[in-house]
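Dear colleague,

Please find the sequence and the structure below. An account of what was found follows directly after them.

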Amino acid sequence: MINEQRLVENFLDMVKISSPSLKEREVGDYLINVLRELGLEVIEDNAGKMNNGNCGNIIGILKSPGKKKVLFSAHMDTVSPCDKITPIVEGRVIKTDGTSVLGGDDKGGIASIIEMLRVIKENNIEHPEIIVVFSIAEEIGLLGAKSFEIEKYQPDCGFILDSSGKPGVAIVKAPYAAKGKITIIGKPAHAGISPENGINALTVAAHAITKIKLGRIDKETTSNIGTVKGGSAVNIVMPSIEMMYEARSLSGDTLKNLLAETMEIFESTVKEFGAEFKSDVEIGYDGFIISEDSPLIAEFKRACDKLGVEVKTLPSGGGSDTNVYNSKGVPCLNLAVGMSKVHTTEEFIVIDDMVDMAKILVEIVKGN
Ligand SMILES: [Zn+2]
């Protein structure tokens, strides 16, 4: 039922359209046409306006009144370099000429969803109500998903196609994540003439850093200071220092407590030295855990079993639109589409994986 040539052509068409985050207009227009041709009701939401982008999330609805509502989603934006993408088909693999990413993250997901829709239409397959969302600005903080008013559409569950790995892999856990800048403000003074008049921001930071928890904190929690910037000249007492901090945990409570404890330590340390501190560290997205015995996983397993595809449920260390939809109350899995070496110019995707993914989606839609 899957038309491999059609799927590959659609994928190649889409990756050739440059779509950095917040500049998804052209690929958005392409997808609006495809969804309309397939008979879906198409809506573009306000996510573009809300985030200063040139395109909103593209939503397509394939009605099936009275039936369950299932969300299928992938994101339209790609990371840089992506100004000009020249895909090369080499045997069963699609790669680039080495000057850009491929954008299989996440157009591989989009291509599989579109092929699924085409197969449903061609074969008159009975289906649940299908809500397709092609989101914007995933790569720069899940902005499209955050702006998407999922409550308007009320899906019962969702499948997000945005993980690397072989089809059959489902991400069932992802962490809550916080990040931001911590700035310690000391006081400048001439280092040789009047150092006693200054407060060295680095000294203050060092004292705090020896007290806060960094690295692996427990099985499901980590934290890190990744960059440090401070000082302007060797003969000036360092007036301020900026540190980029991040922390992640599968437990929202653990993360909140860790952040509170970290901030308290900075607060009390700067007081000790008569310095000040500022922080914009905040939780950027919520984590999720889908339990192994949930109906959603059962549904995915059933579809994979029919095709003889092995199912692997895995945790993820990062975030995707899946985090946002789960936190908005719609149980969602993040499925692997076969994209590899994403976010590099060596990115590639195996054609068979996209084909397998489309087959799995068709089985999901068919139900029992
Ligand atoms: Zn992605």
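In what follows, a residue is called buried under 20% relative accessible area, exposed over 50% and partly exposed in between (1.4 Å probe, protein chains only). Please note that this is a predicted model, in which local features need pLDDT of at least 70 and side-chain atom pairs count only at pLDDT 80 or more, while totals for chains, interfaces and linings use all residues. Residues are numbered from 1 along each chain as its sequence is written, and side-chain values use heavy atoms, with hydrogens and water left out.

Salt bridges

A salt bridge is taken as a side-chain nitrogen of Lys or Arg within 4 Å of a carboxyl oxygen of Asp or Glu. The structure contains 20 salt bridges.

One of the salt bridges joins Asp-353 to Lys-166, with 3.0 Å from N to O. Asp-353 belongs to helix 10 (residues 351-366) and Lys-166 to the loop between strand 7 (157-163) and strand 8 (169-174), so this pair ties together parts 187 residues apart in sequence. Asp-353 is buried, because its relative accessible area is 5%. Lys-166, with a relative accessible area of 49%, is partly exposed.

Helix 10 also carries Glu-363, whose partner Lys-306 lies in helix 8 (residues 295-307); the pair therefore ties together parts 57 residues apart in sequence. The salt bridge between Glu-363 and Lys-306 spans 3.6 Å from N to O. Glu-363 counts as buried at 10% relative accessibility, and Lys-306 counts as partly exposed at 49%.

Glu-126 is exposed at 61% relative accessibility, whereas Lys-67 is partly exposed at 38%.

Domains

An automatic or database domain assignment supplies the domain bounds. The chain is divided into domain 1 (4-174 + 287-366) and domain 2 (176-285). Their centres, taken over C-alpha atoms, are separated by 38 Å. Domain 1 gives 10 residues to the contact and domain 2 gives five residues, where contact means heavy atoms within 4.5 Å.

Between them the domains bury about 620 Å², of which 58% is on carbon and sulfur atoms; buried area is the accessible area (1.4 Å probe) that two parts lose on being put together, summed over both. There are zero salt bridges between domain 1 and domain 2.

A residue in strand 11

Thr-221 is found in strand 11 (residues 221-230). At 1% relative accessibility, Thr-221 counts as buried. Leaving out residues up to four places away in sequence, Thr-221 touches Gly-215, Arg-216, Arg-248, Ser-249, Thr-254 and Leu-258. The C-alpha atoms of Thr-221 and Ala-111 are 35 Å apart, and the two residues are separated by 110 residues along the chain.

With kind regards

Methods
Helix = DSSP H or I, 4+ residues; strand = E, 2+ residues; numbered from the N terminus.
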